[in-house]
Amino acid sequence: MASASRTFTRALRTATPSFRTASTRSSRFVAPTQSAFRQQWQRGYATGKEEEPDKYEGNPTGLIWGAGALLAGAAVYGVYTQKPELFGAEKVKAPFVARFENYQQIYDAIAKRLEEHDSYDDGSYGPVLLRLAWHASGTYDKLTNTGGSNGATMRFAPEGDHGANSGLKAARDFLEPVKEAFPWITYSDLWILGGVCAIQEMQGPKIPYRAGRSDRDLSFCTPDGRLPDASKDRSHIRAIFGRMGFGDREMVALSGAHALGRCHTDRSGYTGPWTFSPTTMTNDYFKLLVEEKWQYKKWNGPKQFEDVKTKTLMMLPTDMEIVKDKSFRKYTELYAKDNDAFFKDFSDAVVTLFELGVPFVQPEDQRWTFKSSFD
C-alpha cells in the first residue's frame with residue numbers, strides 16, 4: 001500500500017506542470033523563514049514594483065484548435081436553425097396569421113361560387129347565406145352571454161334541427177368547399193363572412209367585418225325558441241330582439257332583410273317572396289308594406305298575407321306588425337322613403353348582430369371592408 005502511494009505521488013509530480021525557473025528546478029523545496037518574507041516585502045515596498053508571476057510555458061496550439069472548433073460548431077448551428085432541411089430535418093414554420101388579404105380571398109371564392117351556382121331558388125344562394133349568418137347570430141342572450149355567432153353550433157343536430165333553421169343545410173353545404181380550400185378559417189367566421197358577401201353581392205350596403213370567432217362543441221348549442229316566430233305579434237318581436245339588446249329602430253332595420261329571398265312550405269310552412277326582386281337588396285320591402293294593400297291568403301297553410309293587386313307577393317304576420325305598431329311604423333315609413341337611410345341603419349344593425357357575444361382581439365376601429373365584384 002505504501003509502495004502504491006509513493007508511485008502515485010511520483011506520477012503527480014511528473015504530470016504537474018512546473019512553474020519553477022530552470023535554475024531552481026533541481027533544488028529541494030525549503031520553506032522560507034519569517035525573516036525572508038519580511039525582507040521580500042520590504043524590498044517590494046521600497047521599489048514600488050511587484051514581481052511578475054512566472055509565465056506558463058505551454059503550447060498554444062490546443063487553445064487555437066479549441067477556439068476554432070467552437071466557432072465551427074456555432075456556424076453549423078446557425079445554418080441548422082436557418083436551413084434545417086440541409087441536415088435532413090423539416091423547417092419549423094412560423095404560426096400562420098391570417099390578414100385582410102387572406103379573408104378577401106375567401107370573400108372572392110364565395111362570390112365566385114354565387115355567380116357559378118345560379119340555379120338555386122330565384123337564381124342565387126345569397127338569401128340563404130344571409131339567413132344562415134342571421135340565424136347563427138340571432139340566438140344571442142345578453143343576460144347570460146350565450147349564443148350568437150361565436151361557436152357555429154348549428155353544425156350539431158340539437159340546434160341544426162330547430163324549426164327556425166330548417167333548410168339552412170343548403171347554405172352550410174354551399175360553403176363547405178370554401179372551408180376545404182381555406183381550412184384555417186373557423187366555421188363561425190366563414191358563416192358570417194358568407195352573410196357579408198351575400199349582402200354586398202346582392203347590391204346591398206358595405207358590411208364591415210371582424211374575424212376572431214371560434215368553433216365550439218355541441219355542449220354550447222342554444223335552446224330552441226331564441227329565433228323569431230313569424231306567427232307572433234309586436235310583443236314577441238320586442239322580446240326576441242330586446243333579448244339581444246336591440247331597440248325599435250334596429251328591429252325594423254333588421255326586418256329589412258326580408259327584401260331578399262322567399263319562404264318555402266317544406267321549411268317554414270309559408271310560401272312566396274316578399275318583393276319582386278328577391279336577389280337584389282333595396283328598400284322595396286318597406287315600400288310594398290306601406291304602399292300596397294294586403295289581405296289574408298286563402299289556402300290550407302298557416303296564416304299569411306298576399307298583395308291584393310297581383311297575389312304573388314307575401315307578408316308574414318310579424319311583417320305586418322311593423323306597419324301596425326306606431327313606433328315601428330315611423331321607421332318603416334322612413335326607410336320606404338329613403339333607401340340610403342335604410343342601408344346605413346341596416347349595415348350598423350347587422351354588424352352589431354354578427355358580432356354579439358364574440359370576444360374579439362381585433363379592435364372595432366380596425367374592421368375590414370371587402371371589395372365586392374361590383375367594385
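Modeller: The expected span of a helix is 1.5 Å times one less than its number of residues. Please keep in mind that this is a predicted model.

Biologist: What span should helix α8 have, and how far apart are its end C-alpha atoms?

Modeller: Helix α8 covers residues 187-201, which makes 15 residues. At 1.5 Å a residue, α8 should therefore span 21 Å. The computed distance between its end C-alpha atoms agrees with this, at 20 Å.

Biologist: How many of the residues of α8 are buried?

Modeller: A residue is buried when its relative accessible area is under 20%. Helix α8 is largely enclosed by the rest of the structure, because the buried residues number 15 of the 15.

Biologist: Which residue just after α8 takes a positive phi?

Modeller: The phi in question is about 65°. The residue that takes it, just after α8, is Gln-203.

Biologist: How many helices and strands are there, and what share of the residues counts as buried?

Modeller: The protein has 14 helices and five strands. Among contacts with a separation of 6 or more, 71% are between residues 24 or more positions apart.

Biologist: Is the pair of Phe-96 and Trp-184 stacked or tilted?

Modeller: The whole structure holds 20 aromatic pairs. In the pair of Phe-96 and Trp-184, the ring centres are 5.3 Å apart and the planes stand at 55°. Planes under 30 degrees apart count as stacked and those over 60 as edge-to-face, so the pair of Phe-96 and Trp-184 is tilted.

Biologist: Where in the chain do Phe-96 and Trp-184 lie?

Modeller: This pair links distant parts of the chain, 88 residues apart. Trp-184, at 30% relative accessible area, is partly exposed. Phe-96 lies in the loop between α3 (61-82) and α4 (100-116), and Trp-184 in the loop between α7 (169-181) and α8.

Biologist: Which residues form one aromatic cluster?

Modeller: Phe-96 and Trp-184 both belong to this cluster.

Biologist: Over which rings do the charged ends of Arg-113 and Arg-238 sit?

Modeller: The charged end of Arg-113 is 4.7 Å from the centre of the ring of Phe-174. For Arg-238, the distance to the ring centre is 4.1 Å, and the ring is that of Phe-328.

Biologist: Is Ala-253 buried or exposed, and which residues does it touch?

Modeller: Ala-253 is found in helix α10 (residues 248-255). Its relative accessibility is 0%, so Ala-253 counts as buried. Leaving aside residues up to four places away in sequence, Ala-253 touches Tyr-335, Phe-342, Asp-345 and Phe-346.

Biologist: Which backbone oxygen does the side chain of Arg-226 reach?

Modeller: Arg-226 is placed in the loop between α8 and α9 (234-244). With a relative accessible area of 13%, Arg-226 is buried. Beyond four places in sequence, the residues it touches include Gly-138, Tyr-140, Asp-141, Ile-240 and Arg-243. At 2.8 Å, the side chain of Arg-226 reaches the backbone oxygen of Thr-139.

Methods: Residues are numbered from 1 along each chain as its sequence is written. This is a predicted model: local features need pLDDT of at least 70, side-chain atom pairs count only at pLDDT 80 or more; totals for chains, interfaces and linings use all residues. Side-chain values use heavy atoms; hydrogens and water are left out. Helices (H or I, at least four residues) and strands (E, at least two) are DSSP runs, numbered from the N terminus. Buried means under 20% relative accessible area, exposed over 50%, partly exposed in between (1.4 Å probe, protein chains only). Rings of Phe, Tyr and Trp (its six-membered ring) pair if their centres lie within 6.5 Å; planes under 30 degrees apart count as stacked, over 60 as edge-to-face and the rest as tilted. A charge sits over a ring if NZ of Lys or CZ of Arg is within 6 Å of the ring centre and within 35 degrees of the ring normal. Contact means heavy atoms within 4.5 Å. A polar contact is a pair of N or O atoms within 3.5 Å; within protein, one must be able to donate a hydrogen and the other to accept it, and residues adjacent in sequence count only if both atoms are side-chain atoms.
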